[in-house]
Amino acid sequence: MKKSIIFASLALATALTGFTSCGDFLDKEPSNDLSKEKTFSGWVNAQQFHYDTYNFLLHGALRVNNSWLDAATDLAECAIPTGGTRTTFNIGNYYGGGGAAEFTSVWESRYRGIRKCNMTLAEVDKVAKPADETEELFASEKAQVKSEARFFRAWFYWELFLRYGTVPIVKEVLDPDGDLLSGYTTRPSTKEYINFILTELNECGSGMLSIEESKKSARAGRLNPAVPAALKSRILLYLASPRYAAESGVTWQQAVDAAKAFIDTYGGDYKLYSEAANTPAQNYYYAIIRTPYSGDNTETIFYRNDPTIGWGGISNDTPIGEGGNGGNCPSQNLVDMYDMIDGTSPFQNYDVTGAPVYSGMAPAVNPASGYSDAAMWANRDPRLAATVLYQGQEWNGRAIDVVLGHADNMVGNANATPTGYYMRKYIPETILSSNHGGTAYRLWTIIRYAEILLNYAEALNEVDFAANKTAICSILDQIRHRAGITGNVISRSDLNSQEAMRNFIHKERTVELAFEEHRPWDVRRWNCAEQALARPIYGVNVAVNGTITRKVAQQRVFDKRMYLYPIPEGEYWKTNIQQNPGW
């Protein structure tokens, strides 16, 4: 880690990002020259130092050098030639500079965030009470700060674990002029590491703002007790999964209990977003685009709150015919995962990755579904149209046209879609109004209620398929019916075994959470990343007469060592910390 990056003082505070335009708690910019002593000499500066920690929450859009992390999976391909996933992940170059925002910067920024949390926890009780506050209010505010700092520290360690495995746990404020992590090179066991994170999550919620308070616009984005409970559900699901279960000791029943506890405790506060005035596809789309504080979005639990954006915020992810740069282009692999609108599967067999089983470039069709490659987008799960822009789809008053040489696939434009598709999810279409003069929020959703339901269904299936089948189907129907699928899962004749249901749940999770940065970690925890991430990326060509032809859009590289990232070289050579296998 570079000292100037990892151990920066308040000079790197809120001025970095302008995190929100809503609440006032993140809008204040403290002096860039405050020392630790001055920072914690008064309550206002101490609070602002802590609030800056929210700026360390990553936003997934274009994060990896103008590409999305899901473009490093089978869900998409980056159309931008210099995109970070395209020049690193997709060709097996995990040391490439184009991927630095994911391979090395996450290591540096997470440890920098951890240092902020440690400093807050070490110093906040020393801060004097402001003269205009009561003892009760001051105690409550300090409890909130300490609880949030403990949560963020746990979150940052979790993000490091996903990428690098267990890393040194630092709970003290390291001297930026010292030897940095040289005294912390021992990598703990998975049990020790996870026990630390879970203890933080179990204990930090009590001091946080209430859910009601956290939804007010003046405090938009602040943590409440539901957030650590939701993260606990995710962590226990991951650790019960095949890749981690043996070392973590976590069981599927623990994952069941955590998801159910969240639903029982917070199910009255959070629910799937659905308004009667909307179409099902709109409800799914709005579950991401609308905010908890101005859009009455009760599905979003944990998110990064950002200011409104304009055309410049989405131009790299819109079709070239719209004047954009192509960006994150969904794959045919993803398109093939969507069911028919009546709930039947278009294809006969699905594997553990959730994808249909391919023979060449096409899966075997299920004749009972009515699916045909000649009309592959007709009568599909409405989430497809809410996520992917395909040939002929109406968008901003025009039809998408990816015929070679036409508006969205111009010859000679290097950013034209390589897959035949463009992304719709996470693109606020109101920005396109008035000649791209509109503005909109595009918050980054980290955890939403649909994930909790999917966690619950997956864990129930692994505990006991036969005993839990009815409950599993009911949970999945909540998600699918919100999206506009008419059939019931319980009536499916192809889901009568635990394995078949497992593959179906994996598919359902992939479709529902597409482009929300779940796929890279899901296929790893399921121990099928080599199968999912080394397969070709498929796309389509569309002829002038409407004929659709499948194609290989990109070959991919993934081998066993890529389950984990390499520890950044500078850190490895400086500290001699144990490197990850194969690197």
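The structure holds eight cavities of 30 Å³ or more, where a cavity is a set of points, on a 1 Å grid over the protein atoms alone, at which a 1.4 Å probe fits but cannot get out. This is a predicted model, in which local features need pLDDT of at least 70 and side-chain atom pairs count only at pLDDT 80 or more, while totals for chains, interfaces and linings use all residues. Residues are numbered from 1 along each chain as its sequence is written, and side-chain values use heavy atoms, with hydrogens and water left out.

**View A. The largest cavity.** About 230 Å³ of space lies in this cavity, a volume being the space filled by probe spheres set on grid points that are joined across faces, edges and corners. Of its 17 lining residues, Trp155, Glu159, Arg234, Ile446 and Glu517 lie nearest the centre; lining residues have an atom within 4 Å of a point. Two or more residues each come from H7, helix H10 (226-240) and strand E10 (444-448), and H7 gives the largest share, five residues. Helices (H or I, at least four residues) and strands (E, at least two) are DSSP runs, numbered from the N terminus.

**View B. The second largest cavity.** Its volume is about 100 Å³, and among its 13 lining residues Ser214, Arg222, Asn224, Ile301 and Tyr303 are the closest to the centre. Strand E2 (residues 300-304) supplies the largest share of the lining, four residues.

**View C. The largest pocket.** This pocket has a volume of about 520 Å³, a pocket being an open set of points with protein on both sides within 12 Å along at least five of seven lines. Gly165, Arg243, Glu247, Leu564 and Pro581 are the closest to its centre among 20 lining residues, and the elements giving two or more residues to the lining are helix H7 (135-164) and helix H11 (245-248).

**View D. The setting of arginine 519.** Arginine 519 lies in helix H21 (residues 519-525) and counts as buried (under 20% relative accessible area, with a 1.4 Å probe and protein chains only), because its relative accessibility is 3%. Its side chain is joined to that of aspartate 74 by a polar contact of 2.9 Å, and a polar contact of 2.9 Å also joins it to the side chain of threonine 510. A polar contact is a pair of N or O atoms within 3.5 Å; within protein, one must be able to donate a hydrogen and the other to accept it, and residues adjacent in sequence count only if both atoms are side-chain atoms.

Conventions. Buried means under 20% relative accessible area, exposed over 50%, partly exposed in between (1.4 Å probe, protein chains only).
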